[in-house]
Amino acid sequence: MRLGGRLSGAIEVLTDIETRRRPVADALKDWGLSHRFAGSGDRAAIGNIVYDALRMKLSHAFLMDDDSPTALGYAVLLRQWGLSPEALTAEFDGDRFAPQALSAEKLAAFHTRNLDEAAPHVQGDIPEWIQPAFETNFSDAWLAEAQALADRPTLDLRANTLKASRDKVLKALERNAAVASAIARQGIRIPAGEGPSRLPNVTADLAFQKGWFEVQDEGSQIVADLVVPQEGEQVLDFCAGGGGKTLAMAAAMNNKGQVHAYDTDRKRLAPIIERLKRAGTRNVQVHESLSSLSPLSGRFDRVLVDAPCTGTGTWRRRPDTKWRLTEKNLEERLTQQQEALANASAFVRPGGFLLYVTCSILPQENEEQVHGFCKANPDFEIQPVAETWSRLFGADKPKPRSRDGRTVTLTPASTDTDGFFFCAMSRKG
Ligand SMILES: C[S@@+](CC[C@H](N)C(=O)[O-])C[C@H]1O[C@@H](n2cnc3c(N)ncnc32)[C@H](O)[C@@H]1O
């Protein structure tokens, strides 16, 4: 397919997402199934246009003076892929699959409109109702933080030290331009790529099948590292989900001690068994119910609560969720977080640690939750993260944000990772 056909395909997918409120991955998959002539390169390019459009939906619509899927698709090529209107006209000339050319009116809008004149949330490409939370969290830097959440994400991997060193994995992935991550100690990064370029399918690689690495955002690796699980300790991953952080902690403990993985949702927990096997992990016990954990109440050295959240920190990867999030969703998550914290805290031994993580950058889900929890549970006290950060990663590395000087927030703009919040609380001995 030529670029015109790819743009038309992306416009169809964007229309499907908008009219049927479909998740982007489902809409792309369906498009591929009903257009079997499209090759993998075509599907990747269409996916890139769709994701790029969703990341910058409001600013594109403002500059084109039009929020239709066609206008958004054109804006991607003009603003994000760096093509000029003239180059597009030449490219689409004679391509019967290309969409209708942009009208003179739309082109004039694109040339004359100035984004500085748009409302601030439009400049930042975030829903208007969330702007106050960004301002609270990031003060003057809120707009830069919002805009960085509209960039394309890199592909991040974690070398599984139970099976291979980071250098060995880097060598195995040499052809993918993989480099060592800037902060995470076992992290590996593959650049995001530009325009139609697609990320490699590293899970098809033999090195992945052999368990040498996991796919895990660098921010997720960093917060798992900040738990500082020690060899021989008893650790509970209370919201283990598919086990991303369980695997990282088990490897950091070098298979010594125990990690107990629990989640209320059995379906989310299910993939963990296969992943543990592939990774060569021998120190993890999986729990499907609280009753099997309850004899261990008050016994754990460290309890991680990787809480259910709005996922605002992952908007680069899942831009459609940015536009679907509602105040009601946020309220629901806040209640779930309080419940998870309350249930998990009972498992911390006196003198042990409760670690709270979200992949959100909203203060309501982060600082407000842990400050509220410690106020209601005075035997828990927040321990500042800064010293552990410097000890683990070095003082010269990019620094996360911290509004209260004790907790940390990772963001694309500060640490070049997904957005994550981390707080360590100790239980009085
Ligand atoms: C952010 S996800 C976990 C991701 C996982 N830790 C990882 O690194 O791959 C949050 C998880 O919390 C679980 N959850 C929600 N409420 C819970 C509760 N009250 N107790 C335990 N788990 C809960 C959800 O089912 C979901 O799998």
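How much of the chain over residues 145-428 is helix, and how much is strand? Over that range the chain is 34% helix and 21% strand. The structure is a predicted model, in which the protein averages a pLDDT of 96 and 100% of the residues score at least 70. The model scores ipTM 0.99 and pTM 0.97.

**Domains**

- The domain assignment of the protein gives domain 1 at residues 3-118, domain 2 at residues 155-215 and domain 3 at residues 218-427.
- The centres of domain 2 and domain 3, taken over C-alpha atoms, are separated by 23 Å.
- Between these two domains, 16 residues of domain 2 are in contact with 17 residues of domain 3.
- On the side of domain 2 that touches domain 3, the elements that give two or more residues are β1 (155-159) and β3.
- That side of domain 2 comprises, by class, 4 nonpolar, 6 polar and 6 charged residues.
- In an unreviewed entry, UniProt lists residues 145-428 as "domain: SAM-dependent MTase RsmB/NOP-type".
- The end C-alpha atoms of residues 145-428 are 36 Å apart.

- Strand β2 is joined by 2 bridges to strand β3 (residues 187-190), and the two run antiparallel.
- Alanine 180 has isoleucine 188 of β3 standing opposite.
- In general, the strands of a sheet pair through backbone hydrogen bonds, in either a parallel or an antiparallel manner.

**The ligand surroundings**

- The ligand is surrounded by 19 residues, of which the closest are Cys239, Gly241, Gly244, Asp265 and Asp306.
- Two elements, α14 (244-252) and α19 (327-345), are those that give two or more residues to the shell around the ligand.
- Helix α19 gives the most to this shell, with 4 residues.
- Sorted by class, the shell around the ligand holds 5 nonpolar, 8 polar and 6 charged residues.

**Annotated binding site**

- For "binding site", an unreviewed UniProt entry lists Asp263 and Asp306.
- These residues span 44 residues in sequence, yet no two of their C-alpha atoms are more than 10.2 Å apart, so they gather at one spot.
- Aspartate 263 has its place in the loop between β6 (258-262) and α15 (266-269).
- Asp306, listed by UniProt for the binding site, is also among the closest residues to the ligand.

Notes
Residues are numbered from 1 along each chain as its sequence is written. This is a predicted model: local features need pLDDT of at least 70, side-chain atom pairs count only at pLDDT 80 or more; totals for chains, interfaces and linings use all residues. Two strands pair if DSSP finds at least two bridges between them. pLDDT is the predictor's confidence in each residue, from 0 to 100. A residue is near a molecule or strand if its C-beta atom, placed from the backbone, lies within 6 Å of it. Ala, Val, Leu, Ile, Met, Phe, Trp, Tyr, Cys and Pro count as nonpolar, Asp, Glu, Lys and Arg as charged, and the others, Gly among them, as polar. UniProt positions are given in the numbering used here, feature names are shortened, and annotations may be inferred rather than shown by experiment. Domain bounds come from an automatic or database domain assignment. Two residues are in contact if their C-beta atoms, placed from the backbone, lie within 7 Å.
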